[in-house]
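Visitor: I would like to go through this model and ask what stands behind each term. Please give the cut-offs as you go.

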Amino acid sequence: MSADRYDILFEPVVIGPKTAPNRFWQTPHASGFGTEYPDMQAAYRGTKAQGGWGVVFTEATSVAPETDKGPYVLGRLWDEGDVRNSRRIVERIHAGGALAGVELEYHASMSVAAEGRLPAYAVDPVAGEGALPVAYAGTAATIHLSDIARIQGLHVQAALRAVDAGYDLITLHCGHAASLISHFLIPYYNTRTDAYGGSFENRARFARETLTKVRAAVGDRAAVGMRFGVDTLDGPLGLGDRGMRHDGEAPRVLQYLDDVVDYWDLIIGGVDWGQDAQSSRTARENHEARFTGGMKRYTTKPVVNVGRLNSPDTMVKVIRSGQADFVGAARAGISDPFLPAKIRDGAIEDIRECIGCNMCVSRANLANGRIVCTQNPTIGEEFRRAWHPEFFETAGNRDRSVLVVGAGPAGLECAMVLGKRGFDMVHLVDAAGEVGGSLNWITRLPGRQEWRHLVEYRQHQLSKLKNVTTILGTRLSADDILDYGAEIVVIATGSHYAADVVSPYDRRPLPLGESFRGNVLTPEEVMSGKASIGERVLVWDTDGYFVGPGVAEHLAGLGHQVTAVTPASVFGAYLHETMEDARTTEDLRALGVRIYPSSALTPAGADTITIETLAGPVDAGIDTVVVVGQRVADSALHRELHDRSAEWEEASLRSVYRIGDSVRPSFIADAVFSGHRLAREIDSPDPDEPQPYIRERRLLNATEADFTLTGPAQSREV
Ligand code: SF4
């Protein structure tokens, strides 16, 4: 039973003609499945419903081919085929006991419509005639008065298809300054002078009419609400005073439209939705409350709030304080689909808390990218690999003793899953004095402290698994392992940054020259706190993610003069995908870090390096160079054990596997996945060889059996 203090989270809430079983609202978010991969989508959302989310939405869903966000794979409700696929998704959500929601969107002028190659329609009569400076989206056609009823009709038709599919909640998207409704509302976009522009009532007319028509069409079959961005934030990241402001027109919008909605889902931010989905580098729990928190007084309808709501105590505060009626979350439910069930069952310490890394967000930003999660390797694998986040089958070879060497992200995950699969004896051994591997220095980088939850969650799980023993401060050689007596050995020794590898950009070593007398350090050496670091530091980055900017920020924060140079066009380019780039650059500039993208280095003396920038050479006095270059797999132990395979039988050793960075250095999410995959498939005929997964795709003459793990279409037999 839930502890009393969380009971308020489990109260049912009436939403128009529907009733949510509790206050957990999984907000719309991209998965890469859309309606094109209905089984993947159904299993993904259905697992969250099973985990206790009272309301489970799918994702932004296009109302018509002219407003398609392709090549991104998102929802579509264009025709009977989409309805058919959506029915399966809704059925799975309902089977878990949740209300099913869909977010309808006419994606305004940024519609790429890559599939149908049709023109989208835009609000602004100037931008719409061809002057819209959105290179990747092309331009849009102007909405004339005669177009309005047709476009509102597209919303109505999509809403009718939604109820036909069984959806309980229909949200019209008016957030992230992305949809037509929001463009009509916001003066930044709407410069019309007709009945749909100018005054507040004119700008709100399209929203009011569309909501009224949709509500009249669906009747009591679904609740209709609006996802409303109450503040499009300050420039340059936001729209400034020409945008929507929480202390400006937003309260008026709620009051004016309150009688034509059944609920409000409130968010912040503009087209750069990374301000809404900020990572843990910049946003703490409930970071949107200063914008959305005061809005409930302007409405009589249930209100959803979001903003990194992770801890049950914060959730209770959000409800008790009157801030909102629903706890809205995407990432908290990606990281732990069973979060509500764990709160209900008093298993708070078992919650796999989101670390706010935005790896999931990054995949949504890569067209056709499938959802992944650093904390939860089962996400997106519910259907195609039949992995469940909480249930583990007892392993067929559980009586074999297992030694996992290395307690970083991959080793921790592997040992934990092996323990949950019931192995009699698992030893997890690490040379360091603490578990965590690379995360022990990574979490000392500015803003990365919350990534520690990845280690803490697994530590706690291991502490409950009496069949897993963790042994620290013990470096094992190949001789030690052969003497250990384990029948299965898993090598998880990670990787390290090398200072002397070739650049992936020009295939040459770093050209510092013979005469350079400064230090050359790796990120690990810098973060060890033991290295001697000169006053003037150059960070050379070909890694392209958070480590280069993180080291620069760390050293600049300590008072070093930092110059960052990369041959890439952007310093820490992948931060663009995690939507952390703008604020990272802002913070580095504030610390005085000079950034030179698209640049090379030329040796120029004992303490001088010439930076060959696009604008010409710049001489920089440098005492220390930090090379954030390629990582090298620490695979020597694995190789030596295989070289000595003739000794295995005598040592009772049957198999030696390798996981994580020791196979190939990659994202932390990939290391965790690798450890999980091996543990899930440890009793397969050859665990080194990943098991086939169901490939969901159009198949000629298909039957349902083709979409099972053992179905004929998935067979690899030749
Ligand atoms: Fe949270 Fe990172 Fe998982 Fe996204 S990928 S849900 S931010 S832990």
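**Terms and values**

Guide: Helix α17 is mostly covered, with nine of its eleven residues buried. This is a predicted model: local features need pLDDT of at least 70, side-chain atom pairs count only at pLDDT 80 or more, and totals for chains, interfaces and linings use all residues. Residues are numbered from 1 along each chain as its sequence is written, and side-chain values use heavy atoms, with hydrogens and water left out.

Visitor: What makes residues of α17 buried?

Guide: Buried means under 20% relative accessible area, exposed over 50% and partly exposed in between, with a 1.4 Å probe and protein chains only. In α17, V547, G548, P549, G550, V551, A552, E553, L555 and A556 are buried, so each has under 20% relative accessible area.

Visitor: Why is α17 called a helix, and where does it pack?

Guide: Helices (H or I, at least four residues) and strands (E, at least two) are DSSP runs, numbered from the N terminus. α17 covers residues 547-557 and packs on a sheet, touching β20 (536-541), β21 and β26 (624-628). Contact here means heavy atoms within 4.5 Å. The direction of α17 makes about 170° with that of β20; axes are lines fitted to C-alpha atoms, for helices over the stretch in contact, and angles run from 0 to 180 degrees between N-to-C directions. Just after α17, G559 takes a positive phi of about 100°.

Visitor: What is the order of the five strands in the open sheet, and why do β19 and β22 count as edges?

Guide: The order is β19-β26-β20-β21-β22, with parallel pairing. β19 (519-521) and β22 (594-596) each have a single partner strand, so one side of each is left without a neighbour in the sheet. The twist averages 20° from one strand to the next.

Visitor: Which strands pair with β17, and which way do its residues point?

Guide: β14 (residues 402-405) is joined to β17 by four bridges and runs parallel to it, with V402 opposite I488. β28 (residues 655-658) also pairs with β17 in the parallel sense over four bridges, with V490 opposite Y657. From β17 (residues 488-491), I488 and V490 point one way and V489 and I491 the other way, and all are buried.

Visitor: What makes a set of residues a nonpolar core?

Guide: The set consists of buried Ala, Val, Leu, Ile, Met, Phe, Trp, Tyr and Cys residues joined through side-chain atoms within 4.5 Å. The largest such core has 84 residues, and L9, I170, M226, F228 and W264 have the most contacts inside it. Helix α3 (residues 145-165) gives the largest share, nine residues. A second, separate core of 64 residues includes L445, L462, M527 and A556.

Methods: Two strands pair if DSSP finds at least two bridges between them.
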